[in-house]
Structures are given as C-alpha cells and as structure tokens.
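Student: Hi! Could you walk me through this one while I have it open on my screen?

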Amino acid sequence: MIKQRSIDDVPILTLTLWSDSDRNSGYELRRIGAEVCDEIKKDQDVSEFSLIGGQKRQLRITVDPARLKAYHMSAFQITGALQKANFLLPSGSFPTGNREYHVETGAFLKSSEEVGNVVIGLFNGSPVTLRDVALIADGPEEPTHYVFMGLGAAAKTKGIQSTAMDPREAVTITIAKKKGANASVVAREALAKVEALKGKLIPSDVHVTVTRNYGDTAKEKSDELLEHMLLATIAVIFLIALTLGWREAIVVAVAVPVTLALTLLINYLYGYTLNRVTLFALIFSIGILVDDAIVVVENIHRHFKLHKIEPLTAVLAVAEVGNPTILATLAVIAALLPMAFVSGLMGPYMRPIPVGASAAMIFSLLVAFIVSPWLSFIVLKNVKKSTVSEESGRMFRIYERIMRPLLENRFKRMLALGSVLLLLLLVVTLIPLKMVTVKMLPFDNKSELQVIIDMPEGRTLEETAALTREMGEYLRTVPEVTDFQTYVGTAAPYNFNGLVRHYFMRSGSTVADLQINFVAKGERKDQSHDIAKRLRPPLKKISDRYGARIKVAEIPPGPPVLSTLVAEIYGPEANRRIEIARQIKQVFTETDGVVDVDWYVEEERPKIHFAVDQDRTARAGLNTESVAQSLRIALNGASIGLLHLEREKEPVELFLRMPLEKRADIDSLKSIGIPTPSGAMIPLSALVKRQDGMEEKTIYRKNLKNVTYVLGDVAGTEESPVYAILKMKKTIEQMRLPEGYALKQYSTVQPWMEDTYAMKWDGEWHITYEVFRDLGLAFAAVLILIYVLIVAWFRNFITPLIIMAPIPLTLVGILPGHWLFGAFFTATSMIGFIALAGIIVRNSILLVDFVEMEWREKGHLANALIMAGAVRFRPIVLTAAAVVVGSFVMLFDPIFQGLAIAMMFGAVGATVLTLIAVPLLYFEFFRKKPCQTAEQTGDVCKVKE
C-alpha cells in the first residue's frame, strides 16, 4: 500500500507518558495512552494519532517443539486450525411467524481459555487441543523497541517535578491535524482534554509531558509578529508626527490600517493562511506602503504653506507629484513581482512576500490619491503660511553649500563620482574576502534538536540501548536541556526534516533517535545552533566507542532537504558507484568544516539461506510454501488472527512462535519437524540445504535513475555549504577514474544518461543555487521592467540610466550591515536588495521629475538640481526612514534578519548617495543640452562651469 505523506501529516503535538513508579511499565503506559488517544481523536480537526513505545497486549502462543513432535504436528497446522476456529459468518435469514430471523454461524475467540481449547488435530483418535502443545500467555508482547524519558538539568523550568535519576520507560502520543485546521486550536483542545482526563483515565502517578507543541510555537510566533506589526505601524506614525507634525501623522495613521486590511483580503482570496511568512510580508510592506502617503501629504503640507489653503491647492499638490508617484509605485511593484516566479521548493515559501507587498503598494497608491488628499484638507486647515521662500530656506542653503562646488567644478564632480564608485568596489570585496558569507537561509533558533543514531549492522537492540543510555547521561549535564526522549529500534515522532529524510521509516535493532528539548529561547543565552555545535563533539566521542554513526539534525528554517551536503553518484554499475562514493565520502571527511559524514550504503551483513530441495519436498508430499511458512513461524513468529475483546483500544494479536532458546540456535531450527500428509514427521534439515551469503543492499533511485548518496553537514567557521562545496569541487575535479575520464559534476540537473559516471550536488546547495539563480533572473527582469517604465515616461534613454544608477549603491549599506551584524547574506537579504531597487528608483524618479519641472520653469539646470534636492530632501529621507523604522522589528528574527539588514542599511546608504550621485550624473549628461524653454530660440540653458 502506498500512502502519500504531506506537511499536514507531521504531528503538531506529542505527549510523553512516564512514571516514577516501577509498577507502571511500558505495557501499562501504552494501555493508558490508547485510552487517552481514544478521547483525543474525537476532536473533528484531529486527522490521525499514533502511539510510540511500550508493548501492546498480545496473546502469545509459545509452541513446545517436543510436544509437537510427539503429537506428529507442526506450527503450520496450528495456524490453519486457529484461523478456522476464529471464524464467524452471517449465514442468511429466514421468515417465520411474521418475523424475520438472521442466522450467523461460528464464533470469534474472546479469551485465552477459548484459544487453549481449540482442537488443532487428532492423535490416535483423540482430539489434541492447543493447550496440549503450547504455552498460552495473555500479556505484553516481546519487546522490539524501547522508549525512555530522561530529565535534563533544566527540567524544573518546564514544571517537571521528579526525583528520577535514571531514564524511565515511556510512551509517546503523536497528534496530527487536518489540512486547513488551526494548529494552535487543535493543540489547545487536546491539552485541555488531557487535563480533564487526569485522575480519571490517567493515574495520579503517571506524568504527561508535552514534548512538542507546534500549535503553541505557531501562536507564540504569530503573536510576536502581530506585536511587531503594531510596533512598526506606531513607529512609522510617530516618525511622521516627529518630522511633519501630528496632523500629518493622522493621515498616515489612517492610510496604514486601511492598506493592510485590503492586503489581508488579497491574501485571503489567494488562499494564504496567516503564518510566519505572510505576517512578515505585511511587516515588510509597512515600511514601503507609507511612501505614497508621505509624498502626497508632504507635498500638500508644502503647498498649503506656500499658497492658499483650499481644495484646489490640495488637488494641484497631488497633481504635481501624481505622475511620478504612479511611476514610482509601478517601479516598486516591478521590483517585487518577479520574485513570485522563483521555482523549486523555495518558490511557495517566499511567494506571499512579493504578492502581498505588490498588493499593498497598489492599495497604498489608491489610498494616497483618494483618502489622503481629502483627509489632509480636513486636518491641515490650520497650517500657517510660510513667509520665507524655499530658496532662502535652511535646507536649500545647506544643500547648495554641498552641491554648488561639485556642479561648478568638473574635477571635483568626477572626484566625487569616482569616490562613490571606489566605495562600491571596496564594499563588494567583502564577499570574496568571506567577511560576508552567502547562505540560503540562516540557522533558526528552535527549542528542540534531534540526534540520529545508526549502529553497525548486526548489533543487538540492547547494545543500541546502551549507547543511547550513555548519551543520555551526558545530556543530563547540559544546562539548557529540559528533557529528552530516547527511541531505540524505532523512529521518533518525525518533524519537517524527518518528512523529507524519511526518518519515520527507520526501524530495527541498529537504529535509534534522541529527541532533545531545550528551555524557551528567551530563557537561554545561546541559540539552538550554538548548542548543537557544543553537543556534537561529546556525542560523537561516545558514539565512536560503539562504532556508531550520528547526525545532529537541526530543524531547518525553510524547506527541508535530505541533508545540508548531498553528493549523488550516478553510473552504469552498482559496485563502481559504491567505490566512487567511497572516494567522495573520504573527500567529505578530509574537508574542514564538514561533519556528520555518512552514506546510503549498508555494511555487509551475513545471511543464511535455506534452499528447499524440490525433489525431496515433492516426494514427502509437501511444497516450498509449507516449508517456508513453518520456518517463518518458528523463527519470526506469525500473527494468526485477533482476540476479539470489546473494551480493548488496540488489536490484540494471536501470535504464534517458538521459545527464544529454540530459535537462537541454527541446529535447533534445522531439527523442526514438518508433518507429511501420511502423518510421518520429517525434519527441516532433510528438506533444505544451508547456503551462507550476504544480505542484499537497498537499491536507491531518483527519477528512476540508480544513485548512491553521500551525506554531510557543515559546522565551524564557514557554516555555509557553498564554501565547503567549492573546496570539495576542486578536489573532486582532480580525481581521475580508471575509465579514463574525470568525474563530471552537476549542480541542478541529473546526468542525462547513465552510461558514464557522474555526480550531482544536492541538498541545501541545490536550493541555494536554484534560489539565487532565480532571484538573479528576477533582478534582471526587474531592471528591464523599471527601465522600460522610466523610458516610457521620460521619453529618453539616458535619464532612466541615471535614475537607476543608485541601485547598485544599495550594496554600500547592505554588505557592511551584514558584516557588522555577523549575518549571512541569505535569500531574504537578496529579496531586500531587489525590493530596494524599486524603493531607491522611486526616490530618484521624484528627484529627477522635480529637476525637469524646475528646469523648464526657471531655465537654469544647476539651480534646478539644487532646488530639487532641497525640496525633495524631506520626502526622500522620510521614505527611507520609514523603511528603516518599519524593518527594525525584523532585525532580531533569525530568518528575516537578512531582509531587515538589507532594507535598513541599504536604504540609508543609497539615500545618502542618491542625493549626491543622481544630481551630479544628471548634470554631467545634460549640462550642454538645450532646455525645453529655450528650444524655440535655440539658446542653451544657463549653466556655470
């Protein structure tokens, strides 16, 4: 059966049941857990649940080989007899006396006594019951896995009151929600029900510890983001009040919530839920959606001070900035929208940002043109008319003092522009010098961690448990650990990582998982990634003593991958692929900063094969199936039906098996007797021939192509896979295969054919490459779209280049900002860089549009440039300040820190340089061009050199 698994199948809530009392074993805890699950599943939004750990109730039928032989019977016969005895079938119905009677025949087995009384055959004419040849026990199944609960040094901070020093046997309940259900509500309802069951279904000496609550995590994050959104809105309004006045702030205070409400409507219509990404998209929008309102309100305020306060003045003020504002808004949308077409796993993850922000920009423009002028006229009626001209204002004098010498002296002008260019080149060198490192997404600060353990093939369950117990002793000393769960022989409740890495399929005596929970991030100094780096060396030291391999798995902030570093080896022959994979694995091991190296190649594991002698089997009146089934029942056991008990919450199996001491020796297995149709007993050794060999290895395929995987992670000074892979690529390029060619390396596509050996880099590298490639293409599309828009408006091919010149200047702020905070340059940083292209172009458009308007009116280019810079200084700086203030609340979020740094530092750096570089470039290109007022007479505009 193939079952599809999705994000909605990941358990949002896990509850671990354990006890200080020795009388509550895993068997009792599992029965309690089943009762609790039966109540929790009644919630209509719970999709599925599971129980991990403990032993199920089982009716164990342990056959006595000697008695079977004495009665000339086999386990295979017992199977058939029990299945036929445990049978109930509706036989039909008949009418009589005006009534209809339904008839059924047979009966289900409902107790161990009934099972023991089942007649399995005849011996010397007398019936032989199951009790005559087997020991029947009703109780816990034979353990195939263990789950333990351990307490850390910080257990009391979680409210765990216990004196237990050793790990206690435990059972974990997992709960998943239905698609579209609110995780916070589902978790809250489940926990409320558990509290109500305490003292009723849950005994007082059984503890219920919440070991995962993604509902609480989601609520905490959404509450925090809503608070940040409110703070960002208040901060922007306060900024306007501080710089323009409280009346102007009222206009902005109305524009922001109206725009956000309309944006939320778009998110709803698109089917986006209220999650971390959509909330961040709204916070990101706050800093840019007020720009239109700021420009309009500031210009109305300016005109009211210069002219008469009346509706016509407000209309003319809006008209003055209307066209450039529309163009500037379209430029911002053109910068944002192409990011919605990023492909791969990151596409759906980041799509709400460009969609939500673009919608916010459209609505902010409508609000700025419809609501803001009307409201400005109402609240700005008392603005006092200014008696000082703009040319004699303080801002004009300061700006003129800076710009006039540069405009009048070409050497100084070229020196200033050259200095800006040199500054840009120096800043860009931070990337090759690795002072700013590139990574897909930064590490998140979670309160949980998982350790994946793989013992050498052939080790027993008890040896694996001993390793986890020793690791648990170390974890008890870590101050940030509240509790940990040990899953031996089975998988821990899987998270988003486990969904992609298929951790839920792990089982067997050689596997184990450690689920480690930390104190809340507000109560500890170190982030979870720093704790993981600290835990890895001691845990690896312990695992090395047992010859085990471990992987410290952190929950990724974005789409999960098979591993941070993944090398996929392709080729025609399996053994050669393994040999090449072994060489790649050695390269991983020898590369600094690469840890948790592993591969998907099982060790050699011995296998005993009993080949059935077809001739002898046929002569004895038997067949291969009867021989194989007899051995399987003896060795592995077989479920031969269910005990039908009304009050049991889990199926109670009838499980048939030989005693442990009889199935632990190969000679005992070969002596198993198999009855022939004639009634004679023939030993298994007479029908089979032993063949020693090796277990077949798992075959892995990706898109139907045979592949061998090598995995690794990164830790150390360079914690981005980009740099580790670049180093390993050089080493692998030097490899020469015996086939006479180099191993070709691919980044985003698989080899087209499998006739030669090749490898592909996957994991986080694949997503990083794909995302930055797509964002680069989006940035190219942004530049083209913005250029086309500006050309269409200014009807000039040079002016758009001048307006777009400040775009790369945003790096002057972005890269030093990342270096200052020690932050990775991530996909969210790139989003900020691209978004800033629209914002900075917006300021340049407002500046150049005013220059051309002033130049047409006054006919003096230098004066027009100085006037434009002085008049537009306040709205340009205010829009940049709004971006900084609106983005500040994102600065300390581990995921969106890169976006905040890019927006804040990029906006500041580019705004300062825009006010200098754009006027200088415009003057340099147009200083000898006739202005429009002089074109009719053929004169040249007045400029001073």
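Tutor: Happy to. Let's start with a definition: buried means under 20% relative accessible area, exposed over 50%, and partly exposed in between (1.4 Å probe, protein chains only). This is a predicted model, where local features need pLDDT of at least 70, side-chain atom pairs count only at pLDDT 80 or more, and totals for chains, interfaces and linings use all residues. Residues are numbered from 1 along each chain as its sequence is written, and side-chain values use heavy atoms, with hydrogens and water left out.

Student: Good. Is Asn703 buried or exposed?

Tutor: Asn703 is exposed, because its relative accessible area is 59%. Asn703 sits in the loop between strand 24 (701-702) and strand 25. Helices (H or I, at least four residues) and strands (E, at least two) are DSSP runs, numbered from the N terminus.

Student: What is the phi of Asn703?

Tutor: Asn703 has a positive phi of about 55 degrees, although it is not a glycine. Most residues other than glycine have a negative phi. His72 also has a positive phi, near 55 degrees. His72 is in the loop between helix 2 (65-70) and helix 3 (75-85), and counts as partly exposed because its relative accessible area is 38%.

Student: Which residues of helix 15 are buried?

Tutor: Leu461, Thr464, Ala465, Leu467, Thr468, Met471, Gly472 and Leu475 are buried in helix 15. They cover an arc of only 160 degrees around the axis, so they lie on the same side of helix 15. The arc is that of the directions from the helix axis to the C-beta atoms.

Student: And what covers the buried residues of helix 15?

Tutor: The cover includes strand 9 (146-151), strand 12 (448-454), strand 13 (481-488), strand 14 (511-518), helix 17 (528-546) and strand 15 (549-553).

Student: Tell me about helix 17, then. Where is its kink?

Tutor: The kink, of about 30 degrees, is at Arg536 in helix 17, shortly before the proline Pro537. The bend at a residue is the angle between axes fitted to the seven residues ending there and the seven starting there. The end C-alpha atoms of helix 17 are 27 Å apart, which agrees with the 27 Å that its 19 residues should span at 1.5 Å a residue. Just after helix 17, Gly547 takes a positive phi of about 75 degrees.

Student: What do the buried residues of helix 17 pack against?

Tutor: They pack against strand 12, helix 15, strand 14, strand 15, strand 17 (594-599) and strand 25 (705-714). Those buried residues include Ile531, Arg536 and Leu539.

Student: Strand 15 keeps turning up. Which residues does Ile550 touch?

Tutor: Ile550 is in strand 15, and counts as buried because its relative accessibility is 7%. Contact means heavy atoms within 4.5 Å. Not counting residues up to four places away in sequence, Ile550 touches Val451, Ile452, Ile453, Met471, Arg536, Leu539, Lys540, Ser543 and Asp596. Ile550 and Val595 are 45 residues apart in sequence and 9.9 Å apart in space, C-alpha to C-alpha.

Student: New topic: which residues of the largest nonpolar core touch the most other members?

Tutor: Phe284, Ile288 and Ile584 do, out of 157 residues in that core. The largest share of this core, 17 residues, comes from helix 26 (residues 827-858). A nonpolar core is a set of buried Ala, Val, Leu, Ile, Met, Phe, Trp, Tyr and Cys residues joined through side-chain atoms within 4.5 Å. A second, separate core of 38 residues includes Val118, Ala134, Ala620 and Leu622.

Student: Which residues is Phe284 in contact with?

Tutor: Leaving aside neighbours within four places in sequence, Phe284 is in contact with Leu336, Ile353, Ala357, Ala835, Met890, Leu899 and Met903.

Student: Last one. Why does Asp774 count as buried?

Tutor: Asp774 counts as buried because its relative accessibility is 11%. Asp774 lies in helix 23 (residues 764-794), and a polar contact of 3.0 Å joins the side chains of Asp774 and Arg773. A polar contact is a pair of N or O atoms within 3.5 Å; within protein, one must be able to donate a hydrogen and the other to accept it, and residues adjacent in sequence count only if both atoms are side-chain atoms.

Key:
The expected span of a helix is 1.5 Å times one less than its number of residues.
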